[in-house]
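Open the model in your viewer and keep the selection tool at hand. The stops below go from one pair of side chains to the whole chain.

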Amino acid sequence: MDDVDLDAKVAQRAAGRPLEHVLGWAELCGVRVEVDDGVFVPRRRSELLVREAARLVGEATSGAPVVLDLGCGSGALGVVVATLVAASGGTVELHAAEIDPASVACARRNVRRIGGTVHEGDLFAALPTSMLGRVDVLVANAPYVPSGEVQFMPPEARDFEPLVALDGGSDGVDVQRRVIAGARPWLAPGGHLLVETSERQASLTRAAFVAAGFTAHLVIDDDLGACVVVGRASVADPDASPRRPDGADAP
Ligand SMILES: C[S@@+](CC[C@H](N)C(=O)[O-])C[C@H]1O[C@@H](n2cnc3c(N)ncnc32)[C@H](O)[C@@H]1O
C-alpha cells in the first residue's frame, strides 16, 4: 500500500467508515474473510456461536456433516465453522443462504473458496428441497435489533450496514422466530440449530425454540458479551423427518 492509499484509508476511517470496510476484510477466530461495502461486518461475539457449532459438528454421525449458515452476510460464520472443523481433521458440506444481493456476491467469494455453496433468497425458500432433512448443524445470526432501537446504534452500523442486516422487528426477534419455526424439516435427526441473541432477548429466543418443539439451552460467554441458544431436534420426532415446508412429504 503506498502513502496515497494509506492516507485515503485513514481519511475514510476518520470519517466513520468501519475498519473492516476500509480494509476489505474481517477476522473471526483467526480466519480472514472478505467484507464488501454495504455488507454486515462479522462481530467478535459470534466466535461463541462458531465454536459451539464446530464442536457440535464433531458430534455428528454423518461422514461429511452438512452445515447451513442462514442469513450469512459475508459468509463468515459458515467459513469459520468449516475451517475450525478442518483444523481438527474433519470436513463439512457447507451451505449458506442470504437475501441481500450485495452480501450474496461477497459470500460467494468467501464460501466458494472453501468449496461451499451460497443460495440466494428469503431464509429457507432459498434452499433446494434436496437439503430437506440433511442439515446437521444450522447456524443463524439473524438481525435481532428491535426496530425502534436501530436509530440508537453506532453510526458505523446505521450508516454502513444494510437495515435488513440489523432490524429484527418490533421486539427484535421476528426473523429469529421465522428461522426457528421453519428449521425442523431441514434438520437431520438429532441435528442442532444455533441462534445468536442478546442476554436481554434470550428468553424470547428460547421461547421460540420451545414453541417449535426443540429442547433448547442457553450458552453465554461474558468475555465476548455473547449469547447463543442451542436447540436440538429430537431423534425420534416424526416432525423432524424430511417434509417440504408446505407440509407435503419430500420426494
Ligand atoms: C446480523 S447480520 C449477520 C450476517 C452474518 N451471519 C454474520 O454474522 O456476519 C444478518 C444477515 O441476515 C440477512 N437476512 C435478513 N433477513 C433475511 C432473510 N429473510 N433471508 C435471508 N437472509 C436474511 C441480512 O441480509 C444479513 O446479512
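**First stop: an arginine and its partners**

In this predicted model, select Arg 177 and Asp 171: their side chains form a salt bridge, with N and O 2.6 Å apart. Arg 177 is partly exposed, at a relative accessible area of 31%. Asp 171 is partly exposed too, with a relative accessibility of 23%.

Asp 174 counts as partly exposed, at 35% relative accessibility.

Select Arg 158 and Asp 159. A salt bridge joins their side chains, at 4.0 Å from N to O. Arg 158 is partly exposed, with 36% relative accessible area.

Now select Glu 34, Asp 36, Arg 109 and Arg 113, which salt bridges link into a network. In total, the structure holds 17 salt bridges.

**Last stop: the whole chain**

Clear the selection and colour by secondary structure: the protein has eight helices and nine strands. Its C-alpha atoms fill a box of roughly 60 × 40 × 35 Å along the principal axes. The radius of gyration is 18 Å, which agrees with the value near 18 Å for a compact globule of 251 residues. Colour by charge to show 23 positive and 35 negative side chains; the centres of the two sets lie 3 Å apart. Of the 251 residues, 50% count as buried.

Definitions and conventions
Residues are numbered from 1 along each chain as its sequence is written. This is a predicted model: local features need pLDDT of at least 70, side-chain atom pairs count only at pLDDT 80 or more; totals for chains, interfaces and linings use all residues. Side-chain values use heavy atoms; hydrogens and water are left out. Helices (H or I, at least four residues) and strands (E, at least two) are DSSP runs, numbered from the N terminus. The radius of gyration is taken over C-alpha atoms; the globule rule is 2.2 Å times the number of residues to the power 0.38. Buried means under 20% relative accessible area, exposed over 50%, partly exposed in between (1.4 Å probe, protein chains only). Lys and Arg count as positive and Asp and Glu as negative; His and the chain ends are not counted. The place of a charge is taken as NZ of Lys, CZ of Arg, CG of Asp or CD of Glu.
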